[in-house]
Amino acid sequence: MENAKLKEVMIKSAKSLYNSLPVLVGVILLIGLANAAIPKHYYGMLFSKNPIIDSFIGSGIGSVLAGNPVTSYILGGEFLKQGISLVAVTSFMVAWVTVGVVQYPAEAILLGKKFTFYRNVSAFFLAIVVAIITVAVVSLI
Amino acid sequence: MKRTEKSMAGWYFLTVVLVIYAISFFINKDVVFNGLKYVIKLFEKIIPIFVLIYVLLVLINYFVKPKHLAKHLGEGSGVKGWLIAIVAGILSSGPIYMWYPLLNELQKHGVKNGLIAAFLYNRAVKPALLPLIIYYFGLKFTVVLTVVMIGVSVIQGKIIDKFVVEVK
């Protein structure tokens with residue numbers, strides 16, 4: 001390894017991360033506040049018990065919430081016990097990990113506004129598509 | 001360091017978040033304190049990921065030439081490009097936003113936006129968490145969901161490639 005080149009690359013990479021730092025810190029602070037402000041069990045009350053409307057509600061709630069996917073499985077299990085359809089619960093869990101409303105500003109700054117818009121909007125609708133296909137296939141096999 | 005509009009956008013964003021915290025403090029102090037406790041725990045978890053991202057950035061900037069990356073992950077990368085994005089997405093760990101700086105660097109090196117979208121989508125498929133989802137929803141459901149999500153990640157990548165021609 002060339003020492004001079006390595007030093008140059010290390011500085012360049014550090015600068016790149018430094019530029020991203022305020023965005024990352026901002027997102028982490030937002031996630032912290034959102035988690036503390038909204039108790040998660042309240043979300044179960046938003047469902048209507050209509051499977052079609054609920055798949056959109058599930059995808060919407062999953063898009064807004066952020067955090068470890070484990071939480072989405074536990075919440076999804078609770079929603080199922082409350083009688084919410086498997087399609088709605090699946091779209092909720094898929095949107096939780098594929099759509100990011102809280103991290104949207106960070107993604108837009110670092111990866112581009114158009115990219116972020118199309119990625120998140122398509123992921124919102126694809127969460128419902130994934131849920132419908134998954135539940136349909138599971139019921140067939 | 002040269003202050004570009006883009007680098008300032010991050011600081012503006014952080015300022016807005018701090019203003020939201022200040023307003024929340026006057027509305028409900030407990031929410032702010034609980035939020036900050038959560039943030040401290042989150043920071044403790046992500047510091048190792050941050051180090052990993054830095055090491056990857058150094059390795060990419062040192063060893064990988066833009067034309068090399070563009071050849072394997074750029075326009076015309078074909079099935080191999082999709083497979084790399086899917087496997088890398090599944091194997092990556094940590095919060096999604098920690099990967100934005102590295103993906104930003106890859107965008108600059110000519111990696112296709114569709115592959116970046118597929119990478120991000122496949123971060124939802126986590127082998128380490130499979131036992132837990134099997135416990136809650138069963139093996140059949142988990143296998144079908146995983147396969148469908150991997151397939152849909154390519155569809156999303158194609159959508160992004162069709163609509164996003166943004167060059168950063």
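The bend at a residue is the angle between axes fitted to the seven residues ending there and the seven starting there. This definition will be needed at the second stop of the tour.

**Before starting.** The structure is a predicted model, in which local features need pLDDT of at least 70 and side-chain atom pairs count only at pLDDT 80 or more, whereas totals for chains, interfaces and linings use all residues. Residues are numbered from 1 along each chain as its sequence is written, and chains are lettered from A in the order in which they are written.

**Stop 1: colour chain A by pLDDT.** This score is the predictor's confidence in each residue, from 0 to 100. Chain A has an average of 85, and 97% of the residues score at least 70. Helices here are DSSP runs of H or I with at least four residues, and strands are runs of E with at least two; both are numbered from the N terminus. Where pLDDT is low, the predicted coordinates should not be read in detail.

**Stop 2: select α6(A).** This helix has 28 residues. From first C-alpha to last, α6(A) reaches 40 Å, close to the 40 Å expected at 1.5 Å a residue; the expected span is 1.5 Å times one less than the number of residues. Next, centre the view on F124(A), where α6(A) has a kink of about 25°.

**Stop 3: show both chains.** Two residues are in contact if their C-beta atoms, placed from the backbone, lie within 7 Å. Chain A and chain B each bring 58 residues to their contact. On the side of chain A that touches chain B, α1 (3-37), α3 (69-81), α4 (86-98), α5 (104-111) and α6 (113-140) each supply at least two residues. The most come from α1(A), with 26 residues. That side of chain A comprises 36 nonpolar, 16 polar and six charged residues. Ala, Val, Leu, Ile, Met, Phe, Trp, Tyr, Cys and Pro count as nonpolar, Asp, Glu, Lys and Arg as charged, and the others, Gly among them, as polar.

**Stop 4: select chain B.** Chain B contains eight helices and zero strands. Seven residues of domain 1 of chain B are in contact with seven of domain 2 of chain B. On the domain 1 side there are seven nonpolar, no polar and no charged residues.
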